[in-house]
Each structure stands twice: as structure tokens, then as C-alpha cells.
Amino acid sequence: MKRHVRTVGGCLSVALTVPVLLSGCGTQDTVNGKTKVEIVQYKPEAVKAFEALEAKFNETHDDIELVIDSPNDAMTILKTRFIREDYPDIIGIGGDINYSNFLDSDMLMDISDYEGLKDIKESYLKTDKELEFVPMEGIYAAPYMANAAGILYNKDIFDEHGWTIPETLDEFYALCDAIQAEGIQPLYFGFKDTWTCLAPWNAICVDLADSSICSQVNAGTAKFSDAYRPVAEVTKSLLQYAQPDPYAYSYNDACTAFARGESAMYVIGSYAVPQIKSVNPDINIDSFVFPASNNPEDNLLNSGNDLQWSVMVGKEDKKEAIYEVLDFLYEDENIQTYLDDQSAVPCKNGDFELPSMLDGMKEYIENDRMADYQDHHYPSEMAVDAMIQTYLMDDSETALDDFLQRFDTEWVRYNRDLIAKVQKYYEEHPEALTEGGNE
């Protein structure tokens, strides 16, 4: 889950209904005698970092001209360009349902032969494979940057009271009880903004639900009503440690409250830190993985591909130049440039300097103990965030069962065609059920 991105689910406009020839027509392949490589990436907040990288590349390469576009509404612009058959060479997007739909429309080139993939953490490569609607041979994205979500905490408050980081769910509940006993608010939520309901949900899912559950449901081998029951129970249990009426407060309200020391912890992603520090630049923030399981070995860091590179099909004649650009972007010092600017998590293995607020998650990052955000698989039309909010507000005895049944029903409603496609695939390739981990 990423606050600044809205996925569009299966509705990729008419851009994905046109024939995908991707011959590159409409693009200029040379500039001043140099091979032009164009990137369109969807993170406008990183424009200064990419302007610096673009300038550095062009100063050090005589035969390639790199152009990096960072528009405010990159997904809309990309779809418009696809209609015009005006394709960039590389697109930089997140690992979410948009990527799944581009991949399903045969718009991306297999880059299995790109040597740089050998240096990328296996968890992030696995994340992209799980985003395939049906198993595909090849690799179609090079993960570049990730983010992390779990629990942010006020390190000064923790140090003052001698509280230690919990490693199990029971230890987490005990910590919350201890914080309450000191007259301090354990957690603060901004559930007025429904998307924030996905923050604890995703962080709990990686521990208690299989990372491939959406694929399993599509294949007909599992149900959300079974897989998500413990997730829903733990998510709702957090309300006993929240401020009164968390649905009256927005994301900004929650960030401000945490920044002012009104709660000891905040269940949110690392992306919230800039907002928090805009209120209190001196706050001492650290983080830890949400310990949703009572078996510490089952707890994982909720981390997804925030930015990854895909090459458009039809660009095979420029592959050497494109790979040279990717090699440049993956150089350690260039990755560090991005990390310093965006406080991100590198997808590449290496000795990088991470933001201090990720110190508590560093062990998981270094040991590759991570799993993707579940909502990267959800179609936006299904509005899972609003469903979770409704469930959390429902105090009836049937709230849990009603929510889980609705999840199953709504999933079929918004994924009917996809489910039919997936199940047809597995009828024709029954061996792939076992290979893909869907049994």
C-alpha cells in the first residue's frame, strides 16, 4: 500500500484494449547522433533525484542520451501514449495491480537475460512473480526501490520507560497494556481516510496469510473467509488500544498526533515519516515489524516494490543501450543518491546506508525476510479499504462473518473475468497448480 498511488484495478482504459504492436512508432530513437533512451517513471516526488541521475549519466556517456520524465499523473500519461503507440523505452511503476494488467496485456519485454537481476533480493523478484495473473515464463520487471510498513514508535518515550520491542503478538498486547497503564495512548489511527485502514491490515497479512492467497482464490483452491479470519481478528483487536473514535481523525491528524507525542506508536508505513517530521523535525522515530504471530519465525516485514523498471516490448533493437542505462541506475552510489533523497529501501543486495527510522527493520531487510502488501492484488473498484473500515465500525456479533463473506462475494464480483481466465489456465495446465504453490 502506498498513499500517493491509486491503483486502477482492471480498468486500464482503452489503452489496453488496442492491439499491442509496440513497434516504437511515434518515438525518436536518436538525439544528436546518440541513441535516445526514454524513461517515464511515476514518482514525481523523486524528480530532483532523477534529474541529478539523468545529468550524471549524460555527462559520462557519449553514445546514449538519457531522458527521464517524472510527470504528476504518469499512469494517465502512459495510457494516453499507449493509445498513440508512442512508447517510452522503460517505464518505472510500482509492483501492484497496474503492473499485473500491463503484464497481462503483453506490453512488457522479458528481461531474464539482464545480468543486474542477479543482485536483486529474491523477495522482491518473488513479489513480481506473485503479481502474475497466471504463471509466466520470464522476468518482466527489475525491482529498484521498496518501502516498508509496520509500526513506527517514539524512541524517546520507549527509552524513558524501558520498553522493549515485542517479538510476538502476545508480547505486543502486553506492551500496549503497559503503555496504557502509564497513562499514555498506545496507538493512534487516522481511519477517517479509509486507505489508512489498509496499513495495519497489510502488516498483519504478511504474518498470518499466505502471500499468494489472491492467486489461490482465483484458482479456486482457497477462500478469503478462511485465510483472512485471523487477520481480521487481529486487526480489530487493535481498536482497544486506539484513541476514542479513530474514524473521526484523518491521516494528517494521526501524523500530527504522533509527531506531538500523543501516542507511543503508529501503525503505518515509512512513507509517513516526512509528514510526521514536517510537524516535529526533532522527533526520534524508529520502527519494528508488526509481530502478528506468536511464532517469531513467522513474522515478516511488510515491504513491496515501490519502484521497478520494465522495458516495453518492441524495444529489442535498443536493448543494449537500455541495459546500459539500467546498469547505471543500479550502481551503488546512484542507488544511495535515491535512498538519501527518498528514504527508501533498496531492492538490490549491498551495503547501503538506510534511514535511521528503519533501524528496527534492518535485520529483516538484510536477511530478505519480507512479503508484499496484499492490497497490491486488490482491484480499486472493490474498495477493500472501505470494507475494512465498515467492519471495524461494526459492533454486531456477526461483524466478522459478515465481513469475510462480503470479501469472498465482492472478490468474485470484481474479478469474474480474471477468475474464469485463471481457472481455465489451470484446467489446461493442472501441473502448474503445484508448481505455483496454489494447492
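Analyst: Tyrosine 114 is buried, at a relative accessible area of 3%; buried means under 20%, exposed over 50%, and partly exposed in between (1.4 Å probe, protein chains only). This is a predicted model, where local features need pLDDT of at least 70 and side-chain atom pairs count only at pLDDT 80 or more, while totals for chains, interfaces and linings use all residues. Residues are numbered from 1 along each chain as its sequence is written, and side-chain values use heavy atoms, leaving out hydrogens and water.

User: How many aromatic pairs does a search of the whole structure find?

Analyst: A pair of aromatic rings is described by the distance of the centres and the angle of the planes. Rings of Phe, Tyr and Trp (its six-membered ring) pair if their centres lie within 6.5 Å; planes under 30 degrees apart are stacked, over 60 edge-to-face, the rest tilted. The search here gives 34 pairs. One of them joins tyrosine 114 to tyrosine 330, tilted, with 6.4 Å between centres and 45° between planes. Tyrosine 330 is buried too, at 5% relative accessibility.

User: Which residues form one aromatic cluster?

Analyst: That cluster is made of Trp201, Phe224, Tyr228, Tyr378, Tyr391, Phe403, Phe407 and Trp411.

User: And how many disulfides does the structure hold?

Analyst: A disulfide is a pair of cysteine sulfur atoms within 2.5 Å. This structure has zero. For cysteine 176, the nearest cysteine sulfur, in cysteine 197, is 18 Å away. Cysteine 214 has its closest cysteine sulfur in cysteine 205, at 8.5 Å, so that's too far for a bond.
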